[in-house]
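Here is a friendly walk through the model you have open. Take a look at it first, and then we can go through it chain by chain.

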Amino acid sequence: MDFTFSSVSFLSFLAAFALAPLFMGVILKVKAFFGGKQGPPWLIKYYTLIKLLRKGSVYSTSTTFVFKLGPIISFVTAFMLLLFFPFAGLSPVLSFHGDVVMLFYLLGLGRFFTVLAALDTASPFEGMGAAREVFFSALAEATIFVILALFFRLTGSLSFVEYFTGAQTVNLWSESAALILLVVIALFIVLLTENSRVPVDDPATHLELTMIHEVMILDHSGPDLALIEMGAFCKMLFYSAFISCLLFPFHTGTPFFNVIVFSLIMTLIYAGVGLVESITARYKMDMVPNFILTSFALVFFATILTMEFVQ
Amino acid sequence: MIHISNILLALILLSVLLSLRSNRLMALVKLMAFQGVVVSAVPLVLETAHGVNFNLVMFFLLLVLVKGILIPGLMYRAVKWVVVDREVEPIIGYHASLFAGLIMIVFSVYVTNQLQLAMLPENHKLLLVAAITTMGAGLILLMARRKAITQVIGYLMMENGIYLIGTALAKQMHTQYVVEFAVLLDLLVAVLVMGIVLNDINHTFDDVDTALMGQLKD
Amino acid sequence: MLQLVFLIPIIAGIAVFFLPVKIGRLAFIATALFHLFVTALEWFHVTEPLHSKYFSNTPEGMLVLAIMSFLFLFISIYTVFYMAEVEMTKEPIFNGSMLLFLGAMSMVAIADHIIMLWVAIEATTLMSAPLIFVHRSKASLEATWKYVLICSVGIALALLGCFFIIFSMETSDLHVPISFSSLNGVAAQLNHVWLKAGFIFIVIGYGTKMGLAPMHTWLPDAHSEAPSPASALLSGALLNCAFLGVYRCHQLMFNAGLGDYSSNVLIAFGLASMLVSAVFILNQTDYKRMLAYSSIENMGIIAVGIGIGGLAAFGAMLHMIHHSLVKSSLFLSAGNILLGYGTKSIDKTRGMLRLFPKTGITFFAGFAGISGFPPFGLFVSELLIILGAIKAGRYVVITIFIFSLILIFAGASRLVLQMVFSEPENDDKLVPERWTRALPPIILLLTSLALVIWLPDSLYQTIQNAISSIGGTVNG
Amino acid sequence: MNTFFIALLLIGAGGLQALATFRIYSLMKTIAVSTIIGGCGVGLYDAITRIFQQVDPVVCSYEWLQMFTFSLNIDAVSAFFLVPIFAISAVAALYSFQYMHDDKRAAATANNYFFYSLLIISMALVVCASNLITFALAWELMSISSFFLVIYDVHKKSTRDAGYIYFIFTQAGALFIFAGFGFIYSYTGSFAFEAIAAIPESTKLVAFILILIGCGSKAGIMPLHVWLPYAHPAAPSHVSAVMSGVMIKMGIYGIVRFYFLMEPTSVLFGQIVISLGIISGILGVTYAIGKQDIKKMLAYSSVENIGIILLGLGIGMLGVASDNKTMAAFGFAGGLLHVFNHSIFKSLLFMGAGSVIHQAKTGASNELGGLMKTMPVTGRNLLVGAISISGLPPFNGFISEFLIYYGAIHGLSLHGASFIFSALAIIALAVIGALAGAAFTKFIGVVFLGEPRSDKAANTTEAGVLMGTALSILAASCLIIGVWPDYFVQAAFKASQAVPMISDFAPTSFMPIMTSIARTAALFLLLFILVAVLRKLLYTGKEITKSGTWGCGFTQPTVRMQYTGTSYADSMVDFFRPFIRVQKKYSGINKIFPGKTTYSSQIHDISEIGLNIFIVRPILYLISKLRWIQHGNIQLYIGYIVLAIVVMLIFI
């Protein structure tokens, strides 16, 4: 494992962690804009977190220790993603050949416990959400691993740091731009799925029957909910950063310039999510698999194309 | 001498055809006795080319005793004492059987001509025709008659046919009558066993119709 | 003197007819013992045949004789206790016929002269008829009638086959004694067309007796209606004798250079037998008929194995030995089951493991053996036949072979599992289980087991000698 | 070799004495269990030393039946497979001590121990066999002893049926293996393993496919897996643990061994195996999601894991065929390590399921629920098993899946079909992994979490101490391998070096990656503890109250409203609709004031349906049409003889 002890790495990691809630505010602002409203303050998510951390909790009598494990593990797994990701082309705190596989499986572990925590409450709504969550994420998993396969085909590596700062990088400005474009679209779909955004899920709806992720955490409260929320912010940040790095070659140019561009692109992506959320409605539940499979088809197509491109 | 053997063969064919169209059991038994005697005489007639010896004559007498008297006697007794209904009861009708017998003759002529029998004397060919016909007719009786007793008769006729084929093909029997004697003994015991079983069948089923004996099946 | 092997049982058999029941029983078992002793003498070639023209001591004959004699000893012991249970009035006739039957079969095993072999095989039919007949029920009458008539017709055809073989010699102007041993010497010069014709008739004739489909029709009836000791003897010894007749003729064909032809004929009949038995073992309702069909199957396997030759021929010989042991054991167990439940219906013989644990275990072990599971010998023989067949390039044959084995196994195991393991309908036992009747089948099974663990050198050599005449080798 | 034999003797003695002493029930159990565990311990020690101390392979052979040799040889592959055989059997024996508690069935229990020891011995012999005959013999012994183990509860009809199905599959499979041996033998003319490499490529393929079918029916490869979901629920749980954890791996061993011996060069081998792996893996896990009987579900999960193993082996075979050493080494090592890992967590899960069934008297997941409160030890251990089998870090399942991923991803640099197959393998692995997560969240969630769905579930108590201990040992192994994988990975690589092409392959560049994975796993655990402590701190001095679950406005929730396993699985099962048959019964609402309405849904295995429709029924139909042959009419019978003569004379 490559341990980068440089202060830059740690700084970038800490910054990313600290700013994750801020970016969520962007989405809310965009949605408010389209709704013709002023919207909540930019720092709304920080306020929410602080509020939650100050509270106590109510636990259901049905639950066991598994219910309490859920928030912890989902937070830790999402948190660990940030340790491995080269934000703005800066080297990450940790990396090794093959870390992508491990990280996506860690995310799976987080999901595993979120789902178990939901099932632990004995609530029919939470069970429903759990069933949807595992189903849709299973489909998204296929897309992600095809993307990993494609990236290996292009770069010969299995690590974020290699993808974006190595000898062979993947981004829209390289020779395989056409493929990357397909990947970007697919990844955006995965982002929407994994982070429970419209049109897959609507975090702001009021009817539990139509929810996926939100319904699973209905019974969590106080610091537990704060952990879950923080984990969700990290995850969202990770996917956005992933897409950002594909859009722009951060391995060239000065770090300062990169950070500026990176922040800009990140904001744009969050804004994009907000935009999608403002102008589309949530799909019918049985349309969602098709939506996710579209992403799979795109990247699979891209992978098959490499048979011609890279020989 | 050739004429005599031909006459004998003609008699055999006649007995075969008659037995195929015979509808009375008693007549069938008598026909069998007649056929037995004629069949026994065939080797005597054929072998005279080499001269008649004592063994041959003794064997002829033995054959007549078994095939002409003992076995038909047993059958006669069986029909007389055992069988109430003396109808033959065919599965395939008499005319059809007779017709099958005629086809059998044609077939055996064809087969005999097809075989490479250059080394056999001429009259042996006719013998072979008669023999195959007899055997075939025996099989027809076995398959086309319902009564158990007619099947025994069929079996006997088939045995006669086979014996005739053996006589036709063998220039000399390569044996010292020990084996022939044993064969004959087997035949006798076979018929005895069949007779005993027949007797019991009749006691048990009140008839010797084999159609009653179709209980063992899958 | 070789002929003692059949003379002793015949004389003893006739004597038993007239002896009082108790002395008859003793004489019965004593004869069985003595027969085994004489067989052992013959096995090691202590004596020479008196009339070598008609009889000779051949390895394949010795195999059949040894199996027969060994089986007979245990079957005779079983018979005595079995008959005590059923209180049969005609026990002397049954025991005497068993001995006569043994005598006829022993004659088959040592016969060398073509017609003498025929006579002996026909004699086995006649001697065994009373064994099936003994109950005098409607069913047993029907079975006897079918047995006697069909086998007689078949064997009459075999006589025709014998004539053809003699004629094939004459057309080639050869003059040797018409015994297999001398004919084998001049086999190459025999007329091929007549030899083939002879072979066909002999295979059909003796095949009727051996239970090869489609001439097998008498076999399930006779085996199911005969008292179990007789069924055991029919299946374990008689079928082998008929097989011996076919085998002798196959040897002749092989020596005449017609081995390919006769092999194909044997394989065709063997496969037909296996398929036919598969048809009837599935959904069988009578366990003795099931065992009978299984005998047809196993005779088919042996025919296939011999037909394929090479390693498979060795397998076929082993198969014959182990099949005899295991199948007789199964039939003896079936006798115990019949005594215990009083019915041959599979549906009504449930829960053997609880009601008759000894019999249940023996029966199931026998079933495992007959299905080719180790540690029983059929595992080795079936494996060898499969290996040999593929080595000989007979892929279609082995496909059908395996297909029928699977079908038969699927059919039989369902029935046997139901019989042995299901819950009994009620706890009624007609006759309690006794060690005296349970032991003989167990011993037969254990013998099969012992022969898998340790194959005596002399047995191994005998099998090798037996198959070497049809080109079979262990290393083939 | 001596240590090995001592182990086998001890195990055998343990089983045999049970037959003698079954009248004193607990004494019999004590001696049997302790002797078997002792024997397994000796064997395990021997196997482990062989893996790590470069002991030369030992051969020993005996004459058998004058014509065969009975020969054994423990090389790296054998030793690798011996480890799970002995280890899992020992733990399962420990478990069985309290699981087998019915002293009214002492004789049956004694038989069970006897055949259990025979199964262990025969499995050990299978992996050590070094010629065709020995392999076949040991294989059949294994089959028959496992059959007897399956039919322990023989008085139940379902058990007998399960035994029957298993019996047929095992015997048919054995015949296919024998046929495969026939092809080998027909070219080599000897039973020895050494000569197999010399046979021509086309024969290799035929022989391999036959062996694949035969071994596959034992391993539970997808269309041949039909017996698994019957046999595993029927058998006592320690037996299903050993059967599913170890015995079905003997099928994999057969495939691996004969592949290694054949040294084929064609890509077809890999492609076939990968295809079967994809089918088994994806469909296996889908059925696992759909099935509601916990042991059936675990059985299908075994099919899924066999799929994963096959994917690994297939990748290895593709690697060999396309001369890509990394791919070959990682594929085989991953497949083999997954064999080992699966044996641990699957036996853990089966024994856990056994404890549940033992205590709750039912295995229907829709009657269970909330057991985590009443059976905490079992629940916690099974939670570990569930995470492991879903292939999630920091447990052992992830390690082997990672190796397979690694191999498959390196296969992406190939061209043409091999590239496609590698890509498909990766996708399949990802989907399987995710769906396995779904299956086992269902398993844990429905059985252990929430509220009990029936009185049976509500009135459970914790299973016996020894049962819990057995589970804990296995659960601990899962974590240990996940966090300290080095030795296990090296052992897998050593075993895979039996392939000549990669015999000199040293995973030196890879071991740092393994270390990184281990450290990341450790880091995860560290962070987990830190956050847990942090959470504790955040809650200090705060008000924590208990209350009912928030019913989303519904004020009178009942347990019947809980999400059941069926509803949990519904949408996923629907997605795989053509490959999975769903039968739904819904009474419908047809009155203005609806009365009692019912809804039920069941899923059926298409392989089973296909087997029924395309094989069993046509055969039975044909056979019923042929029964006239034995018509009972003697005239007809004589007609057959005449017909036979005529036909033969035509073909003279």
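## Chain D as a whole

Of the 652 residues of chain D, 61% are classed as buried. Please keep in mind that this is a predicted model. For chain D the average pLDDT is 92, and 99% of the residues reach at least 70. At the level of the model, the scores are ipTM 0.93 and pTM 0.94.

How many helices and strands does chain D have? Chain D contains 23 helices and five strands. Along the principal axes, the C-alpha atoms of chain D occupy a box of roughly 95 × 70 × 65 Å. If you take the contacts in chain D with a separation of 6 or more, 80% of them come from residues 24 or more positions apart.

## A closer look at helix H9 of chain D

Helix H9 of chain D runs over residues 237-262, which makes 26 residues. At 1.5 Å a residue, helix H9 of chain D should span 38 Å, and the distance of 37 Å between its end C-alpha atoms agrees with this. Where does H9(D) bend? The bend is at D:Met243 and amounts to about 40°.

Is H9(D) largely enclosed or largely open? Because 25 of its 26 residues are buried, H9(D) is largely enclosed by the rest of the structure. For reference, a residue counts as buried when 20 or more other C-beta atoms lie within 10 Å of its own.

## Chain A

Chain A has eleven helices and three strands. Along the sequence, they are arranged in the pattern β-α-α-β-α-β-α-α-α-α-α-α-α-α. The globule rule gives 19 Å for 311 residues, and the radius of gyration of chain A is 19 Å, so chain A is as compact as a globular protein of that length.

The box filled by the C-alpha atoms of chain A is roughly 60 × 45 × 45 Å along the principal axes. Among the 311 residues of chain A, 61% count as buried. Of the contacts in chain A between residues at least 6 apart in sequence, 79% connect residues at least 24 apart.

## Which chains touch

Four pairs of chains touch, and the pair with the most contacts is chains A and D. Chain A does not touch chain B, and their nearest C-alpha atoms are 55 Å apart. Chain A does not touch chain C either, with 40 Å between their nearest C-alpha atoms.

## The interface of chains B and C

How many residues of chain B are in contact with chain C? There are 31 residues of chain B in contact with 32 residues of chain C. On the side of chain B that touches chain C, helix H6 (148-169) and helix H7 (178-205) of chain B each supply at least two residues. H7(B) gives the largest share of that side, with twelve residues.

Sorted by class, the side of chain B that touches chain C is made of 20 nonpolar, six polar and five charged residues.

Conventions:
Residues numbered from 1 in each chain as written. Chains lettered and ligands numbered in written order. Predicted model: local features only at pLDDT ≥ 70, side-chain atom pairs only at ≥ 80, totals over all residues. Helix = DSSP H or I, 4+ residues; strand = E, 2+ residues; numbered from the N terminus. Expected span 1.5 Å × (residues − 1). Bend = angle between axes of the 7 residues up to and from the residue. Buried ≥ 20, exposed ≤ 12 C-beta atoms within 10 Å, placed from the backbone. Contact = placed C-beta atoms within 7 Å. Nonpolar A, V, L, I, M, F, W, Y, C, P; charged D, E, K, R; others polar. pLDDT = per-residue confidence, 0-100. Rg over C-alpha atoms; globule rule 2.2 N^0.38 Å.
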